[in-house]
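Please read the numbered points below with the sequence and the structure side by side.

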Amino acid sequence: MQIKRYGAIDVGSNGVRLLIANVIEFEGKETEFKKSSLVRVPIRLGEDVFNTGNISVKNMERMTDAMNSYRLIMKVFGVEKYMACATSAMREAKNSAEVIKYIFDNSGIRIVIIDGEMEAEIISSTGLHSIIKSNRSYLYVDVGGGSTEFTFFSKGEKIASRSFPLGTVRLLDGNVSENTWKDAEEWIKATVGNMKNISLIGSGGNINKLFKMSGKLPGKSLTVNYIQSYYDFLNSMSYEDRISNLDLNPDRADVIIPAIKIYLSAMEWSKARSV
């Protein structure tokens, strides 16, 4: 048996996360990946980029501080290798090259910007074998701050995958056009075609938070009726009430509503009844 420790840094439009995992290799058995530590900092790069086109000096400094802290955390954990990936906000920032150079020069962390296709590919390559059944069809939905990645699976195989600039921070700032919603709807409906009994697989902080608040046991599903009723419930509350009454973090209390709207839309377009 060999045990290694790897790190992954995700520079998203809403938050920046560091995941450290133990990679356990057994002879003659499948390699296991077990989470060792997860740290998240709510740096909303999307609020800069989707409104001004650039990442602000303030957030560039905050990013550098975050990377320096992540570098030290990885050192303490004994991380052998890591990769830092940036997605939607950094893809669109006019000054992304300048920001990446500044962060590298001042922290030693090199950030790689990945396109929407690569993002969807990475997301859909995660360990889904325990969830996906060979006789069922699934729509995998990963909602982020700047984009949402959709991936279809049928009979245990990936059919199609696509990323859309449809994210929670964009929606909060009013930066998602009707054409974007229409494009996503048309793509899902065309890809689903005549497939029946589709289930959604949801990933991302918001759907995980919704599941935790439901009190459901691990492995259970959330129905479309439950999600719709909770969406209405959250909408009936003020931002402040969601923080005080539901114990939501301030950076979760606002984005959870547009996130659920995206999941509900995907369920409607694919005719899925559960997540």
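The points that follow treat strands, a helix packed on them, and salt bridges.

1. Basis of the note. This is a predicted model, in which local features need pLDDT of at least 70 and side-chain atom pairs count only at pLDDT 80 or more, while totals for chains, interfaces and linings use all residues. Residues are numbered from 1 along each chain as its sequence is written, and side-chain values use heavy atoms, with hydrogens and water left out.

2. The open sheet. Five strands, in the order β3-β2-β1-β4-β5, make up an open sheet with mixed pairing. Its edge strands are β3 (32-41) and β5 (111-113), each of which pairs on one side only. Direction ignored, neighbouring strands of this sheet are turned by 25 degrees against each other on average. Helices (H or I, at least four residues) and strands (E, at least two) are DSSP runs, numbered from the N terminus. Two strands pair if DSSP finds at least two bridges between them. As a general point, strands of a sheet pair through backbone hydrogen bonds, either parallel or antiparallel.

3. Strands β2 and β3. Strand β2 (residues 16-25) and β3 run antiparallel and are joined by 9 bridges. Valine 16 has valine 41 in β3 as its bridge partner.

4. The helix across the sheet. Which strands does helix α2 lie across? Helix α2 (residues 57-77) lies across β1 (2-11), β2, β3, β4 (81-86) and β5, and runs at about 20 degrees to β2. Contact means heavy atoms within 4.5 Å. Axes are lines fitted to C-alpha atoms, for helices over the stretch in contact, and angles run from 0 to 180 degrees between N-to-C directions.

5. Strand β6. Is strand β6 mostly covered or uncovered? In β6 (residues 137-143), 7 of its 7 residues are buried, where buried means under 20% relative accessible area, exposed over 50%, and partly exposed in between (1.4 Å probe, protein chains only). Ser137, Leu139, Val141 and Val143 are buried on one side, and Tyr138, Tyr140 and Asp142 are buried on the other.

6. The partners of β6. Strand β7 (residues 148-154) runs antiparallel to β6, with 7 bridges joining them. These two strands form a hairpin with 4 residues between them, and aspartate 142 stands opposite glutamate 149 in β7. Strand β9 (residues 198-203) runs parallel to β6 and is joined to β6 by 6 bridges. Here tyrosine 140 stands opposite isoleucine 201 in β9.

7. Salt bridges. A salt bridge is a side-chain nitrogen of Lys or Arg within 4 Å of a carboxyl oxygen of Asp or Glu, and the count by this rule comes to 8. One of them joins lysine 34 to glutamate 32 (3.5 Å, N to O). Lysine 34 counts as partly exposed because its relative accessibility is 45%, and glutamate 32 is likewise partly exposed at 28%.

8. A helical pair. Lysine 101 forms a salt bridge with aspartate 105, with the closest N and O atoms 2.8 Å apart. Both residues lie in helix α4 (residues 96-107), 4 residues apart, about one turn of the helix. Lysine 101 counts as exposed because its relative accessibility is 53%, whereas aspartate 105, at 47%, is partly exposed.

9. A network. Salt bridges that share partners join Arg44, Glu47 and Asp254 into one network. Within it, the side chains of glutamate 47 and arginine 44 meet at 3.5 Å, N to O. Glutamate 47 is partly exposed at 37% relative accessibility, while arginine 44 counts as buried because its value is 11%.
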